[in-house]
Structures are given as C-alpha cells and as structure tokens.
Amino acid sequence: MLFFSLVMKNYPIPEEEAERELDGIFHEIKQVFRVSGVNLNFRTWATYPKFFPVLWVSIRPVAETRLFEESCNHIRALAARLAEKLPRLDAATSVGLGDSQIFQIQAALDLYHYINPKLLVISSVVEYACQHPTMSGFQSQRPDHELIPRGIPLRMYPMEMIDETPDDATLRRTFRDIQRTLGLPGINSDYRTLALWPEYLYAVWHRLKPVITHPLYLEIALTLREAAQQMASHVLPRLTISEDQLRVLGRKRTHFLETTAHFTQLLPPLIINIVLISLDWRSRQDLEGSPFPIEFSSTVLEPST
Amino acid sequence: MTWREFQRLQIVSRVNARFVSYVEAGEGPPVILIHGIPVWGYLWHGIYSELARTRRVLIPDLLGFGFSDKADGFDRSIACQAHMITAWMTQLGIPRATIIGHDIGGGVALRIATLFPARVEALIVMNTVCYDSWPIELMLQFGHPEAHRKISASLAVRLLRQALKRGFSSSRNRNIMEGLLAPYTTETGKLSLIRNAAALNTNLTTEITHLLSGIKIPTLVLWGVKDRFQPIHYGERLVKDIHESRLIRVKDARHFLMWDQPEIVTKHLLDFFDRTVPSRPLMV
C-alpha cells in the first residue's frame, strides 16, 4: 500500500484554488457528475495541466449519458448486496449524536454513496482508454439514449470537509491511521467529511479497521473493481483519447497511468466502507438504489443477481 | 456550554427543499430567537435557558448559517429568511410567536412583523439592521464573489475574529468567538458565509420603512449603546416610526449586548414577556 502513497506525488488541486480554465472544468464536473464537490480523482488529474482539459473533453460525452448513470447504479447496487454480508459496524449507537447531526451524517453518506461508484467507473474508463488509445481523429459513437439532466441535486449535502491537517491532535492521528491503513495518498473527502463529527468518525474507524482485512472484504473489493472494468471495456463507449494526446503527458505518462490505476484500486474499498457505515442507518434495499435517482422510462442495465 | 454541546441539542426540520437546524427548550408561549451575521444560534446560549423557564424557546440557524443548509444554490436574503421562518413556524404548528432578532435577524423579524403581521405576537429587536444602516463595510468586502478565491477559510475566520472583537465591550466574552465562528472554518462554511454576506441588501429594509408605522404589536427595541456596527441613532429612529415601541438603552454594551450585559438583557426580555404575553392567564 505504501507504493501508492509514493506514486501520488502530485498534490491534488483544491477546488477553491482552481482558476480560469480549470475553474470552468471543475464547474462542469460538478454539473455533469451531479455532485456538490470535486473529488480527489479530478483534483489529482488536474495536476497534469496540458492533458486534463483534453481528458475532460473526452470524458464529458460519456459521463452525461444515461448509460453511464445506470452503469454506476449497477455498481452501487452490487456493493450494497455484497457488503451486507460483512460484519456490521454499529457505530451510530455508540456516540451521543443529536437529531440534526444524525440528519447531516446521513445526508453526507448519501452524497458519497452516490458519487463513489461514479468515480470508480470513470477511473476504469480512463484507465482503459489510456491502455487502448484511439487513432487520431477517431470519433466515438455517442450512445443513442438520453442524456441525464445536468446540475447538483437540490437536496445533496455540500461536500464539506475538515482541513487535511486539522488543528486537533486526535483527529490528525486518526487521519494518519486511516491513510496508512488504506494506503491513501491523502486523506479522502469521505473521511474529511465525517470528521465534521469527530467522535462519530473515531467510532466508525475503530470498528471499520478490523473489517478491512476480512477476506470477504478483499473479495468484494476485487469484484467491484472487475465489474467496473467490465463496464469500461464492454458496456460504455470508448473515450476518444489518441496516442498523440497521450504524448502530451511526456515523461509523466507512466505516472498518470499508475495514478489512474491506483484510483481503480482505492475506490472499491471506499464504496464498501460507505455502504458499511450507511448500513447502521439504512437497509440494504435502500442502499441498492441511487440516493439521487433520475427518472428513466425504462431500464438499460438490469442489475445482475 | 461549548458549541459542540449546543450543536448536539439541535433538531432538524425540512423547509421546502432546504433543512433548518434549531434548538428547542421549555414550554409555554413560543419565542423565536433569530441570530445575525456572521454567527448562528449559539449566540443565544448564554440567555436562552432563563427564557425557557416560562416560554417555549426556539432558536433556528438561518439558511446558510450555522448548521442549517449550507449548499451553494439558494437565496439567503433576509426576505428569503423571513419566508423560511414563517414556513418553518407553520411546519411546527406555531401560528404566532414572539420574535426576537439581533443584527440581520432583526431585519428578518422586522420583515415578518410588517409583511406577515398575523404571525407575530410581540416583537423585540436588538441592535438590528434597519433603514440603510447596513451592510457594514467588512461584510461588503467579505461578500464579494472573488473573496472565495482570495482568502482561505482559516484566514477568513482570523479576519472575522479580529473584526468581531469590536462587537464586545469586554475581552472575556471574546472566548465565545471560537464557537460563534466554528461552522465557518471549512471551505464550505466560508463559501456559505460569503454567499450570506453577498445577500445583504439595504433595499430589503428600506422597502419596508413605510410599513413600520403599521406595526400594531408590542415592540421592544433593545440597544447596546456603544455599538459601532449599528449605531444607536437607528434604534432611536425605529421607536419614532413604530408606535407601540419602546427603546431601552443598554449601557456598557456594544453589538453583542446579550454577551456584554446578559443579566440586564434577560431581565428586560422577561419583563417585556410578562407585560405582553404572560405565560399564564392573568388573574382578573
């Protein structure tokens, strides 16, 4: 896991520090991905300033389709079904939380339960595209089904986060422990958000840590990764990234590929963790559905059993 | 009481597509305490318990403030906040209440009293914004959209802490500053506060000036006389325009009079309650 920390040398660009073109792309990411903040994937990819705009132009037509949304719904439902077999955390009852705090924790969990599968699928799509670049001038077939509505869902919780290096020593220690245990390059948005309620984060982490090494947990993570790779290679349209465009990365090309592969490995555990934490509050059936569903007339992808 | 303890007391209510966090304590005629900018319901934690002995006290965080909804995509003007408060009252089954507002919370209270008079039993405003007394220079600068990119959350809180010191007459009260600014220490909190500041609009009090004389409910205007943010001459003007009103000047108090003179403020509030909306029916 330490390897991954070393791979991620580029410091992700905070959303509030984005300027001009990057600020515009970050805005579009939130609109297209229907999310209230810009996650680590994009903030890390943004550290490749020449390639990132090209990458985004290529991602956008795929990410705003119903097929993409339903592929992510499929991953989310799969995660909920599989993670239910893992030991329960029961962290919620161990902390004296107020009514408003509970409401906000649930809303924050919904946010990540919605976005994490989308990040896994798009990372897999980008990974696949970089491994199989298209010829210059290749035009991907836009899927023939409808586009999803743009915009952050009205009731989505803002992606509010505690600073990566908080003043509180216990919180700093917990962040370090999470990072070390999960092999994270930086502390992920999910945990930084849960740190808004530090006592709750401590209770969650204390119970989650032993589950992470459970053989079934590792098996589920692998299943999710493979399912996303399957979506990328067989279900979703290819990104139009050509060899010429990849050359823009220069000597950083290997680094970019490693970073992207890293995301496809990190995200399945994050998806499972959010499901496990959410199971304290919600039923598996609830978690199988999208927290921010889009009404479609028919189903494109049937969830596998 | 620490801000974390106060936060734990908050319950939540959905108002249309947004959520409002609030503290509720006590039983009796309802009293709603509305904070100003840049603070939240925690402002009232020093005095609300005393009021809750005979009243049902409700302390909401305005939209975009404290631990109410801080999403970036809705109006936070005092006009919108007044609508939110009345919708929230309806949701809680409160047809009428005594409304107490401080700073822009006073602006919200004045709008409710003038535009939705049926919802107000009695009105108390403390060092309130009114007429063209606002926004103050600091908030005008803070509300600039570019402020989001120019200052970090930690710098924003440092600047606000420095500026707000001028709102207290005693340095010992400055200890509560950490709690008052706690919800704004994250980037989301900072952005929300910037949006709140951007929503400050003089027109929303000037447009109700002609309605002030129509306020027919008992009204108390409490003012910390040493306030540098909202000078007392605005309070003096208010009591001339609102017929049923009385001005009480609170000595040795600045903007945050409930912290500078908590006993005196509480006493005036309780006296006013007893005269206007007794907690028990008066014996005849």
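Pro135(B) sits in the loop between strand 6 (120-126) and helix 5 (137-142) of chain B.

Pro135(B) sits in the loop between strand 6 (120-126) and helix 5 (137-142) of chain B. The peptide bond that joins Trp134(B) to Pro135(B) is cis, with omega at about -10°. Please keep in mind that this is a predicted model.

There is another cis bond to look at. Ile37(B) and Pro38(B) are joined by a cis peptide bond, and omega there is about 5°. Pro38(B) is in the loop that runs between strand 3 (30-34) and helix 2 (48-51) of chain B. Why point these bonds out? Most peptide bonds are trans, and most residues other than glycine have a negative phi.

Asp103(B) is not a glycine, yet its phi is positive, near 55°. You will find Asp103(B) in the loop between strand 5 (97-102) and helix 4 (104-115) of chain B. Is Asp103(B) buried or exposed? Its relative accessible area is 6%, so Asp103(B) is buried. Asn127(B) also has a positive phi, near 35°, and is a residue other than glycine. Asn127(B) belongs to the loop between strand 6 and helix 5 of chain B, the loop that also holds Pro135(B). The relative accessibility of Asn127(B) is 0%, so Asn127(B) counts as buried.

Now chain B as a whole. It has 13 helices and eight strands. Its C-alpha atoms fill a box of roughly 65 × 40 × 35 Å, taken along the principal axes. How does the radius of gyration of chain B agree with that of a compact globule? For 284 residues, such a globule would have a radius near 19 Å, and chain B has 17 Å, so the two agree. Of the 284 residues in chain B, 61% are buried. Take the contacts in chain B with a separation of 6 or more: 77% of them are between residues 24 or more positions apart.

Next, the interface. How many residues of chain B are in contact with chain A? The count is 22 residues of chain B, against 23 residues of chain A. The size of an interface is often given as the accessible area lost when the parts come together. Here chain B and chain A bury about 1,900 Å² between them, and 51% of that is on carbon and sulfur atoms. Arg8(B), Arg14(B) and Arg149(B) supply 25% of the area that chain B buries against chain A, which is more than any other three residues.

One of those arginines comes up again. Arg149(B) forms a salt bridge with Asp23(A), side chain to side chain, at 2.7 Å from N to O. Between chain B and chain A the count is two salt bridges. There are also 12 residue pairs in polar contact between chain B and chain A, with both residues at pLDDT 80 or more.

Which elements of chain B give two or more residues to the side that touches chain A? They are helix 1 (3-9), strand 1 (11-15), strand 2 (18-25), helix 6 (147-150) and helix 9 (187-198). By class, that side of chain B has seven nonpolar, eight polar and seven charged residues.

Last, one residue of chain A. Arg81(A) lies in helix 5 (residues 66-83) of chain A. Its relative accessibility is 19%, so Arg81(A) counts as buried, the cut-off being under 20%. The side chain of Arg81(A) makes a polar contact with the side chain of Glu288(A), at 3.0 Å.

Notes
Residues numbered from 1 in each chain as written. Chains lettered and ligands numbered in written order. Predicted model: local features only at pLDDT ≥ 70, side-chain atom pairs only at ≥ 80, totals over all residues. Heavy atoms only, no water. Contact = heavy atoms within 4.5 Å. Buried area = accessible area lost by both parts, 1.4 Å probe. Salt bridge = Lys/Arg side-chain N within 4 Å of Asp/Glu carboxyl O. Polar contact = N/O pair within 3.5 Å; in protein donor to acceptor, adjacent residues only side chain to side chain. Helix = DSSP H or I, 4+ residues; strand = E, 2+ residues; numbered from the N terminus. Nonpolar A, V, L, I, M, F, W, Y, C, P; charged D, E, K, R; others polar. Rg over C-alpha atoms; globule rule 2.2 N^0.38 Å. Buried < 20%, exposed > 50% of the residue type's maximum accessible area, 1.4 Å probe, protein only.
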